[in-house]
Amino acid sequence: MEVTSARGLRLEVAGRELTGPLRHEPAERRRGSPLLGLPALVLLVLLVVPMGWTLVRALHAPTPLVGNFRDLFTDPDALRAAWHSVLWVGIALVLLAVGYGIAIVSRQVAGLWRVVLYVMILPFGVSAVVAGAVFRMIFDPNPERGMASALFGGGVTWLGPDLIWWVLASAFAWSWLGFVVVLFRAGLDANPGLGHRLGRLRLPRTGPVTSIVVLTVLVAAIRVFDLVLIAAPGSIQNDVDVVGLHWWRMTARSADPGGPAALAVTLFVIVAALSIIGMRGMWRGAPAEPVPIAESTSDGPRRWWSRLVGVGLVLMWIMPVVVLVATALHGPAAAGSAGWWRLEGLGLGSFASVGATWLWPAVVGSLLIAGLATALVVAVAVPAAYLLTWRFPRRPARALTMVLGVLAVAPVQMYAGPVGDVFDAAGFAGSRAFLALVHAAAGLPFATLVLRAAFAAAPRSAEDEGRPALDTLWRRGRYRPALIAVAVLEFVLVWNDFIVGFLISGPGNSPLTLLLWGEARQFGTSAGTVAAGAVVSALIPVALLLLTWRRVVAGLTGETVRAR
């Protein structure tokens, strides 16, 4: 018997008389079992329950509901930290505008900019701890060690209260500008000849990827933590204090969890609002009537400007790498007393020093934590995203997607306190497996959103009967770029993590970035060993990112950003 289908109607074609009624088979008949989403539910519970407990702590006060928040909003130190977090939002907005402009310029000379974009994306694979360390080396106030101080004279105090914000903003831009430019460039390439009006200007359109880029960078700016902690000397930490760091200092100086919990809830509300705005922007998609714009093919001044900007960016982005590697290639004593540009003291002494103590156990530990967390996220997110796409009706699916969007940007401070208490009480402090479990729970919402978008955008054929099977989608390659993006970003982010290990885990884990920070606390005498550890810590994530970046971009920027 041969079976065909049309509009959900099952038709039997046979060389004999039909013996029964025509059968109508619902589209849902062979959809995946809801039990496939159970692992995702368990992981999300590990995230949501501590967040709920933090909210309870915030509301528990002598004056119910508002007491801790009233104290928080009348605390001058907390208000100063909040103002500094607002300044970081301003830095992020400037970075986004500059990145958009560079992406437009990059289209003028395609061959050169293929190299430039790879160079610019390199720091995205470097942890904020490493970025902070290398910029502290560049702007060291001692002209014998700091390149900027040697060039401009020792009278300029780069790491003082007047200029430290320029140093921090430069380090943040070095880490994030490549991400912004590459994704904006991908959006421009996907929307050639189209634009939108801004007053009298006609600006090229980047499409729905704009929401992804804006949301990611703004949340990163609001949640900044380790960059400030390592780049700013201890004497001026209060001058650059931010909400995330202030939370840590509140927990350290007070046994009452109510105040820190209220601050964590406040931070969460801010990033959740940004997430909701970003998700709504993704659902709205492109404007109904994009403005056509002319594509420039001129070989004149624009192309020369593009070449000039590209070469300048390559030099600026390579310089911190040169400083880091050159410092690491000096012995500990030479690196601590003289600049990286001097030939005295060259050797592998710094690598030998860290290799004989903490480096290799930390590398193995970070590899185990990042590998396990990545495997968990991939294994759990694929069936969860598939069910969210094909099992749920449209409105519940959108509601769950919105919840996942909020959870994806939740600050660590929102669940670090209760999770840390559980770790201590249960004896899990120092357990790499449980730390990887926390990372997997934190990374699951974002991974599910990326994969759900890929599933929703997958074209369907007649034999799919309303929904393609998961193995069919894999054979057609419909979600492979998204899966690669999820796996690579999860591994890189966990490998480079500092804040989760710092706020939750014990010293038994020895995550690489945590030990780097410990080494950097005596920065003047440990520049060589810090640089050596930083070089080794950056090799694996940077290599992985450079090898897979095109597929990562494809997974993040295809037709994958619209809800079905």
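Throughout this tour, a contact means heavy atoms within 4.5 Å. The model is predicted: local features need pLDDT of at least 70, side-chain atom pairs count only at pLDDT 80 or more, and totals for chains, interfaces and linings use all residues. Residues are numbered from 1 along each chain as its sequence is written, and side-chain values use heavy atoms, with hydrogens and water left out.

**The whole chain**

Begin with the protein chain in cartoon form, where 23 helices and six strands are found. Helices (H or I, at least four residues) and strands (E, at least two) are DSSP runs, numbered from the N terminus. Of the 564 residues, 52% count as buried; buried means under 20% relative accessible area, exposed over 50%, and partly exposed in between, with a 1.4 Å probe and protein chains only. Among contacts in the chain with a separation of 6 or more, 77% are between residues 24 or more positions apart.

**Stop 1: S537 and W495**

Select S537, in helix α23. S537 is buried, at 4% relative accessibility. Leaving aside neighbours within four places in sequence, S537 is in contact with V130, W495, L512 and L516.

Next select W495, which lies in helix α20 (residues 480-495). Is W495 buried or exposed? W495 is buried, with a relative accessible area of 2%. A polar atom of the W495 side chain lies 2.7 Å from the backbone oxygen of S537. This is a polar contact, that is, a pair of N or O atoms within 3.5 Å; within protein, one must be able to donate a hydrogen and the other to accept it, and residues adjacent in sequence count only if both atoms are side-chain atoms. Beyond four places in sequence, W495 is in contact with V363, S366, L367, A370, L512, T513, S537, I540 and P541. The C-alpha atoms of W495 and P511, 16 residues apart along the chain, are separated by 8.2 Å.

**Stop 2**

Move to S366 in helix α15 (residues 359-390). S366 counts as buried, at 5% relative accessibility. Which residues does S366 contact, leaving aside neighbours within four places in sequence? They are W495, P511 and L512. A polar atom of the S366 side chain lies 2.9 Å from the backbone nitrogen of L512.

Then select V494, also placed in helix α20 and buried, at 9% relative accessibility. V494 touches I369, A370, A373 and H439, not counting residues up to four places away in sequence. The C-alpha atoms of V494 and I369 are separated by 7.5 Å, although these residues are 125 residues apart along the chain.

**Stop 3: the largest nonpolar core**

A nonpolar core is a set of buried Ala, Val, Leu, Ile, Met, Phe, Trp, Tyr and Cys residues joined through side-chain atoms within 4.5 Å. Select W88, V217 and L451, which touch the most other members among the 176 residues of the largest core. Helix α7 (residues 164-190) gives the largest share of this core, 18 residues. Not counting residues up to four places away in sequence, L451 touches A381, V382, A385, Y479, A482, L483 and V486.

**Stop 4: helix α5**

Show α5, where 10 of 11 residues are buried. These buried residues are V129, V130, A131, G132, A133, V134, F135, R136, M137 and I138. Their covering includes α6, α7, α9 (226-231), α12, α22 (512-520) and α23.

**Stop 5: the largest pocket**

On a 1 Å grid over the protein atoms alone, a pocket is an open set of points with protein on both sides within 12 Å along at least five of seven lines; a cavity is a set of points where a 1.4 Å probe fits but cannot get out, and lining residues have an atom within 4 Å of a point. Grid points are joined across faces, edges and corners, and a volume is the space filled by probe spheres set on the points.

The largest pocket has a volume of about 620 Å³. Select F135, W166, A169, S170 and A173, the closest to its centre of the 25 lining residues. Helix α7 supplies the largest share of the lining, eight residues. By class, the lining has 24 nonpolar, one polar and no charged residues. Here Ala, Val, Leu, Ile, Met, Phe, Trp, Tyr, Cys and Pro count as nonpolar, Asp, Glu, Lys and Arg as charged, and the others, Gly among them, as polar.

**Stop 6: the second largest cavity**

Finish with the second largest cavity, with a volume of about 110 Å³. Select its lining: M137, D140, R145, V323, T327, H330, A335, A338, G339, W340, F523 and A527. The elements giving two or more residues to this lining are α12 (301-328) and α23 (523-557).
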